[in-house]
Amino acid sequence: MFLKAGIQPNKLRPLYWKQLKNTTNQVPCLYNYRVSLVTLPQRQPPVLTCVRYYSGSNATFVPDALSKAIDANDIIKAKAIYQQLKGKKSFQRGALACLISLAAKGTKPHEFDFVAEIVHDMETLYNIKPFCYEYNMLMYCLSRQNKPEEVRAVLEKMRKYGPLPNVYSYNTVLGCYKRSEDLPMALSLLKEMDYDGVPRDTSTYNTLLHFLLSYGLVDTAHQFYKKMLQENLVPDNFTYSTLLKIATKTNDVEFGKAIYNKIERTAKLNKIGDINMINDILLFKGVTLEDLHDMFEFYSSLPVLFPHVSLDIVSFNIMINASLMLGEPARAYRFYKDMSELGIQPDEITYGILMDAEVRLGDLDGAVDLFNDIRSKGFQPTARLLSILVNATPHKNSDKKSILGVFEAVKKGYANGIHLDIKAYNSLLSGLAKSGCSQEAHIMFDTFFNGKVFTPDIATYTNLILAYINDHRLQDALSIYYSFRENFSSLSPDTAFYTILISSLATVDLPPEYSEPYEEDDDDYNSRRTRSPALVAALTLFNDMRQLHIRPNAHCYTSMLYACGRHKDIYMLEQVHKLIKMDLYFDPDTAVYNALMDAYNRSGNGEAVLQIWETLMHASCSTTMIDATTISILMDSCGHNGLGHRASAIWKDLQNRGFSFNTNNYNSYIECLCRSTPSRRGFDKAMRVMRTEMQQPLSKFVDQPRIEMKTINTLLSFARKKNIPVKDTQILEMWRKEWFE
């Protein structure tokens, strides 16, 4: 704490006595009180504590009760005694300095205010001119309360009336600007130090380097580091830690290696290093270098290089995480075992790392099992651990059992006071929707939304409706949708909302009994057929969308087209096609035309496919250029709809235009040729195409598409259907065995 205030305890006492002697021409305080150093845990600097008082002719008035309170670090009692005696007895500088030291160790505003009170009393009540130390402590306490203006006022007061601020004074102000994130004032303060002739020290540069790192000003940090070395200042543990953080953040391997080599050389000469520096070295080696071998060697050398430093839970978390991220779970287990043998208990971060690894491997079930195992060992689950599980539920690898396990964990956590944010609850709702868990989704909605914990948003309603769609409860899904539509005044649905629901309806697999009979008006389709309720619901949402002047995007149109083609509903398909033509704000691209052609193909209307093809061939827009997918759809349509004769002419025309076919195009064309004639003529033509225009799989040349297993299997399948003699297909069997088995 005092180092952050710009105070170095090992230099404080002689400096303090020197200033006092120059003021009084005597050294009475040496007989009035003695100052000792109490070492706090790592990363916290030593703190001054008054531990004994002496009496004499020039004794400082310190009652026994106050002395005991100071020795016991009881700031509340010490403050009460001081305020009770203030104005009645005279306190000298030594006692007041002890009170300031004690109060400055605090964390509460009233303790910091007590420092300001004592300094004010020194100036007004006891007529004692504060030294730099007292003013530095005052500025430090004001800084802790984030009062940069008042800190600045104290500094200006010192510069005007004395004592002149020293390097520790400026370091304290610099720390204040860092806390208030005022970089321009921090850089300006450095110029003031130069103007006042106050040399910077290592602490100055440490604060500045860390400040620049937080702003991402790495180049400027490098410049100040070079200046620090030019001024012959010796980097300390905090300096090295900050420099390693810079190397890790910027992935600067060379700089990081140089800093580590310097640390290694220094470690062999004198005792340096603390746990924070060690952890930054491990982080650099494991994350930036991605060299587990190097990290493990450093880990093994720690007893020699840094025998005075003991690893903590952060150290092992870094090594376990790096091992898992780099795909070496065995080494992660080794670190975990070493940690246990040292008696270091895993914490929330450790368990989070292990659960994250399970999720990355696509094993949500394993993460849930680990979570339950943690809980069975008495470790209380936290919001962070639950969030890891919840955020993994929408992933495609998450199965229904695992998602329901996460749902139960969230319910228990909520009952025990563990609350997540709305984004997390929506993620779990999305996972439940994906698996069709409508009952659990509704429980979530009633528990966490509906104005009870959170107000539902668009994502909430989207996932709730999806849960019912995927659970094949279309009527319930539409009921929720209509209820939601009545609240449009408070929630505004957008294109994404409708696109997601329509896409889900387009792909949902409903049992046959859900289909409804209908009769087509068109004479060509007047046979009694069935229409999918999912398709009807999708068209209903699509029409609502248009009535609300919400513009469909390409994904929305392609989803509708896919649904029509999937259910072979030519009437619905023609209606959607008309809507595309009528949409003045939508310009179909190649993907939409491909979806339209595929839908007509699936619905058995090959002539419509050819008409769209002709439109594309005459289009001059770059967004509607034909691609390989277009060719494959066209060839499939010609083959399945009795238009094989057109396929040959189109193929030849494309070859003359220099179109580059891929293997999938050839597979579609070969199948089309086989279907084009009832005799073997089409089969023979397909064989010639494969022999002359395709490349063998094992060939070194890549100027033509390669023959695939699918190509051979297609020809063999049609050979059997056309009763072609075995002797004519033996070559195909030989090739399949030679190339693919």
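Reader: What separates Arg159 and Glu156 by about one helical turn?

Author: This is a predicted model. Arg159 and Glu156 are 3 residues apart in helix H8 (residues 148-161), so about one helical turn lies between them.

Reader: Why is the pair Arg159 and Glu156 called a salt bridge?

Author: The closest N and O atoms of Arg159 and Glu156 are 3.4 Å apart. The cut-off is within 4 Å, so the pair counts as a salt bridge.

Reader: Why is Arg159 called partly exposed?

Author: The relative accessible area of Arg159 is 26%. Partly exposed lies between under 20% for buried and over 50% for exposed, so Arg159 falls in that class. Glu156, with 32%, is partly exposed as well.

Reader: What makes Lys727 exposed?

Author: Lys727 has 61% relative accessibility, and exposed means over 50%, so the label applies. Its salt-bridge partner Asp728 has 25% and therefore counts as partly exposed. Elsewhere, salt bridges that share partners join Arg152, Glu156, Arg159, Glu192 and Asp196 into one network.

Reader: How do you know that Thr239 is buried?

Author: The relative accessible area of Thr239 is 0%, and buried means under 20%, so Thr239 is buried. Thr239 lies in helix H13 (residues 237-250).

Reader: What makes the pairing of Thr239 and Asn206 a polar contact?

Author: The side chains of Thr239 and Asn206 are joined at 2.4 Å. The limit is within 3.5 Å, so the distance qualifies. A polar contact of 2.7 Å also joins the side chains of Thr239 and Asp236.

Terms used: Residues are numbered from 1 along each chain as its sequence is written. This is a predicted model: local features need pLDDT of at least 70, side-chain atom pairs count only at pLDDT 80 or more; totals for chains, interfaces and linings use all residues. Side-chain values use heavy atoms; hydrogens and water are left out. Helices (H or I, at least four residues) and strands (E, at least two) are DSSP runs, numbered from the N terminus. Buried means under 20% relative accessible area, exposed over 50%, partly exposed in between (1.4 Å probe, protein chains only). A polar contact is a pair of N or O atoms within 3.5 Å; within protein, one must be able to donate a hydrogen and the other to accept it, and residues adjacent in sequence count only if both atoms are side-chain atoms. A salt bridge is a side-chain nitrogen of Lys or Arg within 4 Å of a carboxyl oxygen of Asp or Glu.
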